[in-house]
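Dear colleague,

Here is the structure I said I would pass on. My notes on the fold and on the two ligand sites follow below it.

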Amino acid sequence: MSASVKSTYTKTAIWLHWMIAALIIGQLIGGKVMHAMDPAPLKFELYQLHKSFGFIILALSVARLLWRLGHKPPALPDGMKPFEKIGAKLSHIAFYILMIGIPISGWVMVSSSPYIIETKIFKLIPVFDLPGVPRTEGFNALTKDVHEYMAIAIAALLVLHIGAALKHHFVEKDDVLNRMAPRIKVRR
Ligand code: HEM
Ligand code: HEM
């Protein structure tokens, strides 16, 4: 495993971070909107899209976790208090658990649905239902609750995360936000 500590995140880490962030924010809004809609063909299409993007997030998040296990992130600023450093680390671990756990809970949900509806990522790639999952109304209702509460948890964590990033940038005036900012090269 490579373990050199850099002063900034690598391009891969930065692009994965922002792609996953944009997709998750889209899922949070899209999930609520589709859930609130009256039954209609559009609602069905939105569910299919939600599942498709969810599987993309799952694949990207697993790739990101594997990549992350082999790369040390840049050290946190010296000025941070020990409890702040621990809080930052714990919140990052919680993000990884939720980024992977939410799509898996969605997968368990559709696998336990009494209505057998095929899942095809963007109408192209078929996804099997998870084996051994009870297909009962009761278990399906439980998975819906778990999915919803995990989504609420990641939304709450996101609010804290954005607050922390802005505090670093505007109050502490350190380079924590800059080192995660996309570096777009402008050719001259
Ligand atoms: C749902 C959306 C998001 C998720 C799941 C997420 C997740 C994460 C994770 C897991 C890390 C730790 C990276 C690592 O060491 O592996 C991280 C770092 C970071 N994120 Fe996010 N993030 C999200 C949205 C945002 C937003 C909107 C901002 C900006 C306001 C932001 C700013 C940052 C910054 C500045 C860091 C670097 C922190 C450091 O250097 O320790 N993130 N994010
Ligand atoms: C990180 C990825 C995901 C996020 C952030 C997310 C978020 C959400 C949210 C916020 C809702 C609305 C919950 C409610 O108001 O009750 C929802 C509903 C739903 N999600 Fe996801 N989801 C993700 C991935 C998935 C995946 C991968 C699947 C399936 C393979 C899935 C299947 C569903 C279904 C079927 C519903 C509707 C539940 C109902 O009608 O009660 N989700 N999701």
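Of the contacts in the protein with a separation of 6 or more, 76% are between residues 24 or more positions apart. Please keep in mind that this is a predicted model.

Fold

The protein has four helices and two strands, and along the sequence these run α-α-α-β-β-α. Taken along the principal axes, the C-alpha atoms fill a box of roughly 55 × 45 × 35 Å. The protein has 188 residues, of which 32% count as buried. One spacing within the chain may be of use when you look at the model: Glu-148 and Val-159 are 11 residues apart in sequence, and their C-alpha atoms are 17 Å apart in space. Glu-148 belongs to helix 4 and is partly exposed, with a relative accessible area of 35%.

Ligand 1

Ligand 1 is surrounded by 21 residues, the closest being His-17, Arg-68, Tyr-96, His-161 and Arg-179. Sorted by class, this shell holds 15 nonpolar, three polar and three charged residues.

The iron atom of ligand 1 is coordinated by NE2 of His-17 and NE2 of His-161, at 2.0 Å. Its site has six donor atoms with angles of 85 to 180° among them, and is octahedral. His-17 is in helix 1 and His-161 in helix 4, so this pair ties together parts that are 144 residues apart in sequence.

His-161, at 25% relative accessibility, counts as partly exposed.

There are also polar contacts to ligand 1. A polar side-chain atom of His-17 lies 2.8 Å from a nitrogen atom of the ligand, and a polar side-chain atom of His-161 lies 2.7 Å from a nitrogen atom of ligand 1. In the case of Tyr-96, an N or O atom of the side chain is 2.6 Å from an oxygen atom of ligand 1. The elements that give two or more residues to the shell around ligand 1 are helix 1 (11-36), helix 2 (41-69), helix 3 (82-111) and helix 4 (137-172).

Ligand 2

Around ligand 2 there are 21 residues, and the closest are Lys-32, His-35, Tyr-47, His-50 and His-147.

Which residues supply the protein donors of the iron atom of ligand 2? They are His-50 and His-147, each through NE2, and these donors lie 2.0 Å from the iron atom. This site is octahedral, with angles of 86 to 179° among the six donor atoms. Since His-50 lies in helix 2 and His-147 in helix 4, the pair ties together parts that are 97 residues apart in sequence. Both His-50 and His-147 are buried.

An N or O atom in the side chain of Tyr-47 is 2.7 Å from an oxygen atom of ligand 2. For His-50, a side-chain N or O atom is 2.8 Å from a nitrogen atom of ligand 2. His-35 has a polar side-chain atom 3.2 Å from an oxygen atom of ligand 2.

In brief

Regards

How values were computed:
Residues numbered from 1 in each chain as written. Chains lettered and ligands numbered in written order. Predicted model: local features only at pLDDT ≥ 70, side-chain atom pairs only at ≥ 80, totals over all residues. Heavy atoms only, no water. Near = heavy atom within 4 Å. Polar contact = N/O pair within 3.5 Å; in protein donor to acceptor, adjacent residues only side chain to side chain. Nonpolar A, V, L, I, M, F, W, Y, C, P; charged D, E, K, R; others polar. Donors = N, O, S within 2.8 Å, 3.2 Å for Na, K, Ca; no water. Tetrahedral: all angles 85-135°; square planar, octahedral: opposite > 155°, others 65-115°. Buried < 20%, exposed > 50% of the residue type's maximum accessible area, 1.4 Å probe, protein only. Contact = heavy atoms within 4.5 Å.
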